[in-house]
Amino acid sequence: MKKFVIYLIYLFIFILFPFPIVFAQQDYFYDANGQQIYYNPTNGEQTIYSPDWQQEQDAIQQYNNQQISNEYRREVCWDTCKTSCNALYERDLGNKNSLGNKWSNCTEGYNCCVSLCKLKGGTCKTSCSTDNEKIDPAKCETGLCCVSKANTESEAKKNLFKPEVPIPGFQDEVEISPDLLATYISAVYNYVLYLAGVMAVIVIMIGGFQWVSAGGNESKIGEAKERIVGAIIGLVITLGSFLLLKTINPNLVVTKSLNVGIIEPVEIPEGTSSELNSASAIRNRTEYIIIHTAAGIMTRDAVNNYHLSLGWRGGIGYNRYIERDGRVVDGRGDDKVGAHATNYNSKSVGVSYSGCAEWQSNRHTSNQDLVTAVNNETIKEIQLVALINEIKRLQSKYDIPKNMVVGHNELGVPKACPCLNMDQIRSRINQ
């Protein structure tokens, strides 16, 4: 009975224990030529696995994890719309975004093509600064992919994990990534495998010593034999389980990245239930003009669809909206109660512009100098002119002094919106 229990323990540790890892591997297999193939269960596509391909997938996953909260990404292609992407330096994201909707700025027949360098957070240049940048292996159409050393070093420092109990094969700090758990499980399994081998050898040595020192006592010799045979059987099970899995498919003993799902952030409502769900209520007073940004290159209709997708039956929350080409269009309209600034909707008119997208410089910087904001395309010059003129129009209509023209972030909300220096805005409008 004692030996039976020992064999069951060996069986569990070295045959059943690897199965959670094995089941996580099934989207990889080997073809007739021995090449490792990745099978995408979503669309049925097969891709030859390589370190470069894996690096690209990891970069895309990391980029999406960092940027998933930006509203415009759900609607708009954040790079270039083309009929076909160049596989050497671009990633083809197709003609639909991550929500399954068509990219709003890509016309029929065009796909969203994203620079591989941009996925790494870099910029294509003719040469990289040796002091501040490093060259990333991602290819560019022309030049080199330059990534800021400060960004990569700070990210590396922030995202490190060191086990409280170091084990062989997993002792030093490692970067936190989707494959961290799989790597740790693999290290534990390998450690237990080696430990079992050492223990088996020790037990065989103890049995041998018992046999030699038995002095011809048949009972002690029999006990020593049982100990040695049990250790050998355990060692065979230990090595045999590993070899069996590796013979069936070498990939069964190789861990891979876990497919970690991303929880979509919830947009904080900028108003009461009635303000969010009705676009027909008329304001009784107008004391403020509040300036916003859409935080993305989005059309008025794209913003409206996004707000509807959040369950706001009133649709777009802004009263007026400035398109990328400088056109000023109605959101809810001048006199309607908006849904753009909590506690201020019933006494303010909200004006927003298409811009301040994630990929543009100083995306998360409040109070940008207007010249800088125009130069880095946070806002286009034609939009800025339209914004100033629209503020002046609303000032005249509602008799609002310039000190009551404010940015969204000046109302105590933790946002960069509208990404513009409001003191400079106020210096250009009516008294």
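Which residue in β6 is the bridge partner of Lys 82? I looked this up at the outset, keeping in mind that the model is predicted, and found that Asn 111 takes that place in β6.

**Entry on strand β6.** I then followed the pairing of β6 on both counts: strand β4, residues 80-82, runs antiparallel to β6 over three bridges, and strand β5, residues 90-92, also pairs with β6 in the antiparallel sense over three bridges. When I checked burial, β6 (residues 111-115) turned out to be mostly covered, with five of its five residues buried. Asn 111, Cys 113 and Ser 115 point one way from the strand, while Cys 112 and Val 114 point the other way, and burial holds for all of them.

**Entry on helix α7.** Here I compared the length of the helix with expectation: α7 has 31 residues, 218-248, and at 1.5 Å a residue it should span 45 Å, which agrees with the 44 Å that I found between its end C-alpha atoms. At the start of α7, I saw that a side-chain oxygen of Asn 217 comes to within 2.9 Å of the backbone nitrogen of Ser 219. I listed the buried residues of α7 as Ile 221, Ala 224, Ile 228, Gly 230, Ala 231, Gly 234, Thr 238, Ser 241 and Leu 245. In reading such a list I keep in mind that an α-helix has 3.6 residues a turn, so residues three or four places apart point the same way.

**Entry on confidence.** The protein chain averages a pLDDT of 75, and 70% of the residues score at least 70. I found the lowest confidence in helix α2 (residues 19-23), at a mean of 41, and the highest in strand β13 (residues 320-322), at 95. Over residues 14-26 pLDDT stays under 50, and the model has 25 contacts beyond four places in sequence for them. For residues 359-364, where pLDDT also stays under 50, I noted 25 such contacts in the model.

Definitions and conventions
Residues are numbered from 1 along each chain as its sequence is written. This is a predicted model: local features need pLDDT of at least 70, side-chain atom pairs count only at pLDDT 80 or more; totals for chains, interfaces and linings use all residues. Side-chain values use heavy atoms; hydrogens and water are left out. Helices (H or I, at least four residues) and strands (E, at least two) are DSSP runs, numbered from the N terminus. The expected span of a helix is 1.5 Å times one less than its number of residues. Buried means under 20% relative accessible area, exposed over 50%, partly exposed in between (1.4 Å probe, protein chains only). A polar contact is a pair of N or O atoms within 3.5 Å; within protein, one must be able to donate a hydrogen and the other to accept it, and residues adjacent in sequence count only if both atoms are side-chain atoms. pLDDT is the predictor's confidence in each residue, from 0 to 100. Contact means heavy atoms within 4.5 Å. Two strands pair if DSSP finds at least two bridges between them.
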